[in-house]
Amino acid sequence: MEALILFAMVLTLLFIGLPVGIALGLSSILFITFVSHESLSSVAISLFGAGQHYTLLAIPFFILASSFMSTGGVAKRLINFAIASVGHFRGGLAMASVLACMMFAALSGSSPATVVAIGTIAIAGMRQVGYSKEFASGIIANAGTLGILIPPSIVMVVYAASTEVSVGRMFLAGVIPGLMAGLMLMIAIYVVARKKNLPAEPWRGFQELVRGGKEAGWGLFLVVIIMGGIYGGVFTPTEAAVVAAVYSMLIALFVYRDMGPLKETTWTLESDTQAARVGFNGTVYGVSFFLVWMIMSFFATADSETISSGDRALWGGIIAIAISIFYVFKRSQGINDSIGHCLVSGLPVWRRNLLLIVRKFFPALFGKETRQVMLEGTKTTIMLMFIIANALLFAHTLAAERIPQMVTEWMLGVGFNWFTFLIAVNILLLIGGQFMEPSGLLVIVAPVVFPIAMQLGVDPIHLGIIMVVNMEIGMITPPIGLNLFVTSGITGMSLAKVVRAAMPFVLVLMLFLILVTYIPWLSTLLPYSIMGPEIVTH
């Protein structure tokens, strides 16, 4: 009876138009005040605990990293690389949009951010070459959902915090399903493209592919830093989020120069000689390799007692010098100049850029655009953490009334097994995902279904991926599908048209959900292989 009263209050508050976070928090407070025997002090303790949860501290930093990586320049580079990779297939530009969403998902951890960053550019590009606006919008709305499945994922962090499982294992578990979901969408696009005779981009050659990879490389290296640092034992997922935020800011401000006082200031000028350009580019490759080498070798040998930082620097320096000389040697032949002269001519270019970075360092960090990005990231963080905090309070109320235990006993009593239980979980989440924000819904549902899953032998990591995939589908199903609203906003289409455009590809994700639900090794293969199975102690 108490459970019915609690859920009735939530639904009533939602029905009269209150935001989800307020409805969850207010219903919990009213229930504790007038129905439950719990003390009101538990409200303060629960809300305070949400802000002190170490795992949840990763969320604001991942959001901040996403904000800096969403500056437009990164998305454009990813799209160019994706077009060079798969654009020559039939329907290649649409497939490239999915691939770009997959890559951006690995940088942002956010589905709406992926839709905005990639969709703003990709939809316009698809329209220019003959794709219908509806087709392009449907693709981006669905592909954008990969933002919460491909690690790092904010929703995975929320699930890990709600059930006290490993964030690292969750990130690993999302790799194979994330790649599989993207591939299934691309296959569906290819089939449609063959039937509708959609255009294909010309093959631009391996040189264009390499060029696109180089341009997108500094952004994509963020994935290596996050995943390599976590699984190399260098830092925790929360610390990885901090590193990701700092790295994203430095790349956006000083390497890509998409924002801040260095915006549109190129590394080389038209006044630089060919020899200076060749020498500078050669040393850039060498320095870039050295930095990547030092980071990667640090991850790989962090626990080694025999390999010192000096050893790593020595070998990295030798290889970096060899790369620089080889590049300059190849390029200098085309301009009939010596290797030494090219290298010396490149030094003034380095000097100019380094002095510029030093002079503009603090103005860039505290400039108008940086403050604006941090403000937007803060707004998103406050909104999300407010929902999560109130959802945690609601989950605390459920636990205090022993509602999860009662549900567990009832389901086991009526004969649920793991197969039928997962069907029930999918139905519950698909319905709930139509009305609630993913993080808030996970915080409420996960503590209820988690003990049942453990009783029935369902792997906790596998359960987490199933829940994340359901949240994906919830973001593109009305009436509260967030990706639908975002896509409608960037295209100017009505919500009804966006829904109709997205539905054919939702069927692909529904098939994907069935595969993920009943083929557990898709989720558990990597975590088991690298970190071993999750051990539940509660």
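**Ground rules.** I worked with a predicted model, where local features need pLDDT of at least 70 and side-chain atom pairs count only at pLDDT 80 or more, while totals for chains, interfaces and linings use all residues. Residues are numbered from 1 along each chain as its sequence is written, and side-chain values use heavy atoms, with hydrogens and water left out.

**Entry 1, salt bridges.** I looked for a side-chain nitrogen of Lys or Arg within 4 Å of a carboxyl oxygen of Asp or Glu. By this rule I count five salt bridges.

Arg77 sits in helix H5 (residues 73-86) and Asp258 in the loop between helix H13 (237-255) and helix H14 (274-300), so the pair ties together parts that are 181 residues apart in sequence. Helices here are DSSP runs of H or I with at least four residues, numbered from the N terminus. Next I checked burial, where buried means under 20% relative accessible area, exposed over 50%, and partly exposed in between (1.4 Å probe, protein chains only). Arg77 is buried at 19%, and Asp258 is buried too, at 14%.

I noted Glu369 as partly exposed at 32% relative accessible area, and Lys263 as partly exposed at 40%.

Asp272 lies in the loop between H13 and H14 and Arg352 in helix H16 (residues 339-365), so parts 80 residues apart in sequence are tied together. Asp272 counts as buried at 13% relative accessibility, whereas Arg352 is partly exposed at 28%.

Which residues form a nonpolar patch on the surface? I listed Trp418, Phe419, Ile423, Ile427, Ile431, Phe435 and Ile480, with about 660 Å² of accessible area together. Patch members have over 30% relative accessible area and no salt bridge; nonpolar side chains (Val, Leu, Ile, Met, Phe, Trp, Tyr) are joined within 5 Å, like charges within 9 Å. The areas come from the Shrake-Rupley method with a 1.4 Å probe, and for residues only the protein chains shown count as cover. I also looked up Phe435, which is in the loop between helix H19 (418-433) and helix H20 (438-455). Phe435 is partly exposed, at 44% relative accessible area.

Technical notes: Helices (H or I, at least four residues) and strands (E, at least two) are DSSP runs, numbered from the N terminus.
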